[in-house]
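Morning, everyone. Please have a look at the next slide, and then I'll walk you through it.

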Amino acid sequence: MKKGIHPDYHPVVFEDVSTGKRFLTRSTATSARTVEWTDGNMYPLLTVDVTADSHPFWTGAHRVLDTQGRVEKFERKYGKRVRGEA
């Protein structure tokens, strides 16, 4: 990598606002807020709305789409077409 053209890549703590779970990773993002981590060091704290801890896909809370119901809803709204009809 070329020197002096890349942003500073440093440890940062991210916090999921919906669950409160925090995790330490590396990022180029910065924040004026800091938090003391379990290792005793202070790190910038960034809050995020969704992480793997709260996302419905990863938590198993996602709903299964009912394709039959969606087709019926479409047909009720726009009418049912007969094959061969233009």
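Start with a term. A polar contact is a pair of N or O atoms within 3.5 Å; within protein, one must be able to donate a hydrogen and the other to accept it, and residues adjacent in sequence count only if both atoms are side-chain atoms. Here is one: the side chains of T51 and D16 are joined by a polar contact of 2.5 Å.

Now the ground rules. This is a predicted model: local features need pLDDT of at least 70, side-chain atom pairs need 80 or more, and totals for chains, interfaces and linings use all residues. Numbering runs from 1 along each chain as its sequence is written, and side-chain values use heavy atoms, without hydrogens or water.

Next, the layout. The protein has two helices and four strands, in the order β-β-β-β-α-α. These are DSSP runs numbered from the N terminus: helices are H or I, at least four residues, and strands are E, at least two.

Back to T51. T51 sits in the loop between strand 4 (42-48) and helix 1 (56-59). Is T51 buried or exposed? T51 is buried, at 13% relative accessibility. Buried means under 20% relative accessible area, exposed over 50%, partly exposed in between, with a 1.4 Å probe and protein chains only. Across the protein, 16% of the 86 residues are buried.

Last, charges. The structure has one salt bridge, meaning a side-chain nitrogen of Lys or Arg within 4 Å of a carboxyl oxygen of Asp or Glu. E15 and R22 form it, at 3.6 Å from N to O. E15 is buried at 16%; R22 is partly exposed at 34%.
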